[in-house]
Amino acid sequence: MGKPTGFMEYPRQDTPAEAPLERIKHFHEFHTPVAVEERRTQAARCMDCGTPFCQYGGVIGGMVAGCPLQNLVPEWNDLLYEGNIKSAYYRLISTNSFPEFTGRVCPALCEASCTCNLPAQPVTVRDNELSIIEWAFENGVVSPLPQMPRTGKRVAIVGSGPSGLAAGELLNRRGHDVTIYERSDRFGGLLMYGIPNMKLEKSIVERRTALMRKENVQFIANAEVGVNVDAQALLAEYDAVVLCCGAAKPRDLSVPGREAQGIYFAVDYLGRTTKALLDSDFSDCRAQEAKNRHVIVIGGGDTGNDCVGTVIRQGAASVTQLEMMPEPPTERLPSNPWPQWHRIKKTDYGQEEAIAVFGHDPRVYQTTVKEFLADEAGHVRQAVLISLESIQGADGRMQMCPIEGSEHTVPADLVLIAAGFLGAQPFVAETFGVELTARGTVADRDHQTNVEKVFTAGDMRRGQSLVAWAIREGQDAARAVDRYLMGYTNL
């Protein structure tokens, strides 16, 4: 695929990014797309390898290798290299419902499993994918599909995140009448109010939902099940209901002083910031709580990094990102071989910006909060941190344990908890009467719950995961629903 010797002739070239000290002045995307010819050169690096693990999407040694969507990466890279971008687009969307999302926010499991990792650097799969889909939008190739004959079946989807959108798109194109309910005022779920605008411009999400509307998908905003939408009414009105409400129960901290003001869950803070940006471009001075404040971000994942980038844009006086686990290695360990996902230290955009602004990496490893200290008004002002060490427990597992005497106090005017999620919010499950697993996700069999007509998909079923997995979940759930409604499926 591509040019057989391309990986030897051309070096990897990532899409250029605006300098950190410039991009922190705004909340817009900061990567500058390169010309199609340069993308073709990068596609030429895709090897004619015998086993393209990039598209495998299976588990090897306990870790996923390659794309969960099983994108046909070598095929559309070859078409891109040959200049047949329109065909590359159709090959891309044969597996990926929303390349414009994954091409921006996916951590690129495909690249971690690229064979080019062995002799050189992986192919720029994600950048190539984004180039193809944006070319298709710009050149009018992406357009509403003709209406399929209607089946007379009606499907309600609760939640408009990537899994809900993917399920809705496929079921509508099959001929079912689809209505998507969203409790927020805008559609997209965490695509809209969880991922910051500088990673994913919200106009990109709105572009996709506008296209789905033209294809006859109905959207209803400010509709929350159990509040102003009755679950039993949905079950009576629709032939099937798909719950795609995400893993929206955040993991909390149980330490003294947690009740102080100024301590928020990261997803609430990020959503509040994006809403203020979209509503007024911050002209009403909302969501500027980080300005001139000493910020602590608890959690080292993508959400924690997004918080770092956001508070810097709001003018934080300092930012510290706490990670309980040890600092990862800079290169793969023998225990983490290719084509597994590489568990190595990654300095993401937020950390890059913190280094540029404050002169040092904001991450502090093997550290957690022991206590929060508030002022007389009840607002958090300091955090007592404690170092951790890795100790093997009685069960043989390594545990992070506090080191006595390592406590130290740091200023903290704003604390953002980005420690992950514990599963679905129980009230949604209770409203429909569906069962939950021990880890808080919805119990199912091929996406069908214990309640007749009720299905589930995305993080609500799988647990906290990636956008690519959410899309795959929505696609699989659509097939299950279609089989339930029609007795077979051709999706």
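Begin by selecting Glu-182, whose side chain reaches the backbone nitrogen of Ser-184 at 2.9 Å. The model is a predicted one, in which local features need pLDDT of at least 70 and side-chain atom pairs count only at pLDDT 80 or more, while totals for chains, interfaces and linings use all residues. Residues are numbered from 1 along each chain as its sequence is written, and side-chain values use heavy atoms, with hydrogens and water left out.

**Around Glu-182**

Glu-182 sits in the loop between strand 4 (177-181) and helix 10 (190-193); helices (H or I, at least four residues) and strands (E, at least two) are DSSP runs, numbered from the N terminus. Next, select Ser-160: its side chain and that of Glu-182 are joined by a polar contact of 2.6 Å. A polar contact is a pair of N or O atoms within 3.5 Å; within protein, one must be able to donate a hydrogen and the other to accept it, and residues adjacent in sequence count only if both atoms are side-chain atoms.

Is Glu-182 buried or exposed? Glu-182 is buried, yet has no salt bridge. Buried means under 20% relative accessible area, exposed over 50%, and partly exposed in between (1.4 Å probe, protein chains only). A salt bridge is a side-chain nitrogen of Lys or Arg within 4 Å of a carboxyl oxygen of Asp or Glu.

**Salt bridges**

The structure holds 40 salt bridges. Select Arg-154 and Glu-237, which form one of them, with the closest N and O atoms 3.3 Å apart. Arg-154 lies in strand 3 (residues 154-158) and Glu-237 in helix 12 (residues 231-237), so the pair ties together parts that are 83 residues apart in sequence. Arg-154 is partly exposed, with a relative accessible area of 30%, and Glu-237 is also partly exposed, at 42%.

Move on to Glu-353 and Arg-313, another salt bridge, where the closest N and O atoms are 2.7 Å apart. This pair links distant parts of the chain, 40 residues apart: Glu-353 is in helix 15 and Arg-313 in helix 14 (residues 302-313). Both Glu-353 and Arg-313 are buried.

Then select Glu-100, Glu-169, Arg-173, Arg-208 and Glu-215 together; a network of salt bridges links them.

**A last stop**

Finally, select Lys-291, in the loop between helix 13 (266-280) and strand 8 (294-298). Lys-291 and Leu-21 are 270 residues apart in sequence and 17 Å apart in space, C-alpha to C-alpha.

How values were computed. Lys and Arg count as positive and Asp and Glu as negative; His and the chain ends are not counted.
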